[in-house]
Every structure is written in structure tokens, then in C-alpha cells.
Amino acid sequence: MTRKFAAAAPAAALALALIAGGAWWANQPQDTTSRQLLGAAEAETTTATSETATAPATETAAVAGELDPALLTDRTLGNPDAPIKVTEYASFTCPHCANFHTEVFKDLKTNYIDTGKVFFTYREVYFDRFGLLAGMIARCAGQDRYFGFVDTYYTTRDTWLNSEDPAVIADNLKRIGLTGGMSIAAADACLINQPLAEALVTNFQANMQADGIEATPTFLIDGVKFKNMGYDEFAKVLDEKLQ
């Protein structure tokens, strides 16, 4: 199964809605799409007191309020010269995407990506503010840690999303960031980084429109669009191309 995507509001408005906090909504029209996608995400400051790891370069840029271009690049796995190119469009809050990554992706990675047969690109889809917040944290943590965050988001989806309070979910994401080696300051700065949020939404909308993405997960295999598949069906498509 897949999760259908609804048309989104302009990137600048969506990003502003994310970082401005609850007060921003008091003076704005109640636009349903904007509220659904980002809403007001003023998170409570975590009280964690554990030691923090040394911040990587991209994390330092987030703390400084800069928009490092490296935060916006596609996240990829495998050999860029692999004979098959696979791009996945997925949302960190999508249950079907979580099922694909916990049940199918691990075998695809072992048998096709790690063996040099497939070059894999992961592109984030933002159904809601929490998917965007998760993407921001994963990117701010550094490129070498990104797919570790992807795995954590999907394997613990029912835990970090298990609240009706946006502040609790934002705090859960910050805690995942700390577990993944981020500092508290970097996680806090990342979640209120307006330029990053706006740029990610802009890129997401452009990619989605260019590739005609309407649901998640959706895959482009050498440019051809496929819906969600089990491992056997996915492997059959790849094997036919390899032959």
C-alpha cells in the first residue's frame, strides 16, 4: 500500500509556520493545508544532561544559523557508477514506508546496493511537520550519520510519534538526535532553522512535481516509476534490468 500526498502550500509559508511557534497562527488565516503540513512546532527545551559528542561540520553550521549547501544534497548509498539507479520517495511518518524499510530495504541493500548493482537515492516527502522536523535533524547530524537516523525513525516510528502533543514529538526527535551524537544546542538550533526548513520544502516540492510523485513510498528505477513493492517483486525488476 501507499500513502497519498495532498497538494502543499508555498514553501516559504510552510517553513515559517514550522519555526515561528504557536503565536504566529493567531494572526493568520486558518489554512488547512499549511496547518497540516507544518503547523506550530514550538518545542519544549529538553532537560537531558548527558554528555554530548563533538559536533561535526554540518552541525556547527546549524548552530551558527547558516545554510550549509551540504544540508540540502541528496542522500545516497552505493556506487554512483552502478548499472541501476533507484530513487525512493518516502516520508518518515508514513507507515507503509516504515514497513518497506523494516521488511524489504535491508535485503535490497545487502543484495544490490552493497554489491555495487544499485546506486540508491533517498528523497524525503513531507506529509506533515513531523516528517520535516525528522528530516532536518537527520541532515543536521551529518551526512555520514543520515541513514542511521533513517533506520531509527522507521524502526521506532510507533514510539517517537506516539503523542498528540507536537512539543513531545519534537522533544522525542531531539532525543534521537542526542543518541545519534548531536549536541543539545545543535538539535535545538536545527529545529528552528527557517532557511533550512524553507529550502528543504522547496526542494521537496520541485522534485515531487518533476517526477510526478503522488504517494509514498514511490520508486524510480532508472527513471521508471513504480509503486510500493515487496522484496521478490522488487528483485525481479532489478534482475531483469541486470540481464
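**Close-ups: a cavity and a disulfide**

The residues lining the largest cavity split into 9 nonpolar, no polar and no charged. Here Ala, Val, Leu, Ile, Met, Phe, Trp, Tyr, Cys and Pro count as nonpolar, Asp, Glu, Lys and Arg as charged, and the others, Gly among them, as polar. This is a predicted model, where local features need pLDDT of at least 70, side-chain atom pairs count only at pLDDT 80 or more, and totals for chains, interfaces and linings use all residues. Residues are numbered from 1 along each chain as its sequence is written, and side-chain values use heavy atoms, leaving out hydrogens and water.

**View 1. Who lines the largest cavity?** The lining is made up of Val 86, Phe 105, Leu 108, Tyr 112, Ile 113, Val 118, Phe 120, Phe 234 and Leu 238. (On a 1 Å grid over the protein atoms alone, a cavity is a set of points where a 1.4 Å probe fits but cannot get out; lining residues have an atom within 4 Å of a point.) Helix 5 (95-113) gives the most, with 4 residues. Strand 4 (118-124) and helix 12 (231-242) each supply at least two. Helices (H or I, at least four residues) and strands (E, at least two) are DSSP runs, numbered from the N terminus.

**View 2. Cys 140 and Cys 190 form a disulfide.** Their sulfur atoms sit 2.2 Å apart, and a disulfide is a pair of cysteine sulfur atoms within 2.5 Å. Cys 140 belongs to helix 6 (residues 129-140) and Cys 190 to helix 10 (residues 184-191), so the pair ties together parts 50 residues apart in sequence. Both Cys 140 and Cys 190 are buried, meaning under 20% relative accessible area (1.4 Å probe, protein chains only).

Methods. Buried means under 20% relative accessible area, exposed over 50%, partly exposed in between (1.4 Å probe, protein chains only). On a 1 Å grid over the protein atoms alone, a cavity is a set of points where a 1.4 Å probe fits but cannot get out, and a pocket is an open set with protein on both sides within 12 Å along at least five of seven lines; lining residues have an atom within 4 Å of a point.
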